[in-house]
Amino acid sequence: MQSQRRLELINATLESVALHGLQNSTIITISKLAGMSSGIISHYFGGKQGLIEATIKHLLEQLKQALLEGTRNKNLTATERLFKIVEANFTQLQRTASVYQTWLCFWARAMHDPALARLQHINSARLYSNLRYSFAQLLPKEQATIAAKQTAAMIDGFWLRSALSPEPTEAFSQSEHLCKCFIENLLQQHGDN
């Protein structure tokens, strides 16, 4: 029951951020959307800040689970694994308005909030590490490092542009495709595929 209530509050936070933005989402707006008393947020999360952090951790966990599910097959080639990393960052959940709006608010706030900055660092490091691991199977060490940094920037950049697009649904699909094309072109330049 406790985990179900926590999840309902996290989902209400996502909805509140989509409706009001992060700054204007309050314990009251979130608790109303969840259909719970405002005191329960303090009980489970210690306040709005704790709930925001829990919401971001939830999104990070969903991202991680999408990657684990996509790469569960141990027979994937390194290139296929790179494509699964891209796909994990463009899942249907990541394309949902309440989720991408929360990510955008999170990134803006992470610049000034050490706890959120730490979560962003974890997210960036995980993406880079996964990309680096796969590229290292295809390219020399220095080139694999550069390729991982470039691809991480492409994924984040295309994702950001899609989230800010007037037509996000179409933009997210195109962005996923373009990130995969970038990987293919990069590997072809180095004679691997």
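**Salt bridges and helix packing in the predicted model**

K180 and E176 sit four residues apart in helix α9, so about one helical turn separates them; helices here are DSSP runs (H or I, at least four residues), numbered from the N terminus. The side chains of K180 and E176 meet in a salt bridge at 3.3 Å, N to O, where a salt bridge is a side-chain nitrogen of Lys or Arg within 4 Å of a carboxyl oxygen of Asp or Glu. K180 and E176 are both buried, and buried means under 20% relative accessible area, with exposed over 50% and partly exposed in between (1.4 Å probe, protein chains only). Salt bridges with shared partners join K84, E87, R95, E176 and K180 into one network.

A word on the ground rules: this is a predicted model, so local features need pLDDT of at least 70 and side-chain atom pairs count only at pLDDT 80 or more, while totals for chains, interfaces and linings use all residues. Residues are numbered from 1 along each chain as its sequence is written, and side-chain values use heavy atoms, with hydrogens and water left out.

The structure holds four salt bridges. E176 also pairs with R95, with the closest N and O atoms 2.6 Å apart. E176 lies in helix α9 (residues 168-189) and R95 in the loop between α5 and α6 (97-110), so this pair ties together parts that are 81 residues apart in sequence. E176 is buried at 16% relative accessible area, and R95 is buried at 17%. Over in helix α5 (residues 78-89), E87 and K84 are three residues apart, again about one helical turn, and their side chains form a salt bridge at 3.5 Å, N to O. Here E87 is partly exposed at 26%, and K84 is partly exposed at 28%.

Turning to helix packing, α1 (residues 2-24) and α4 (residues 48-70) pack at about 105°, with axes 10 Å apart. Axes are lines fitted to C-alpha atoms, for helices over the stretch in contact, and angles run from 0 to 180 degrees between N-to-C directions. That makes α1 and α4 roughly perpendicular, a label covering 65 to 115 degrees (under 35 is roughly parallel, over 145 roughly antiparallel, the rest oblique).

I30, in helix α2 (residues 27-34), is buried at 0% relative accessibility. Leaving aside residues up to four places away in sequence, I30 touches L9, A12, T13, S16, S25, I41 and L51, contact meaning heavy atoms within 4.5 Å. I30 and S16 are 14 residues apart in sequence and 5.8 Å apart in space, C-alpha to C-alpha.

Notes:
Helices (H or I, at least four residues) and strands (E, at least two) are DSSP runs, numbered from the N terminus.
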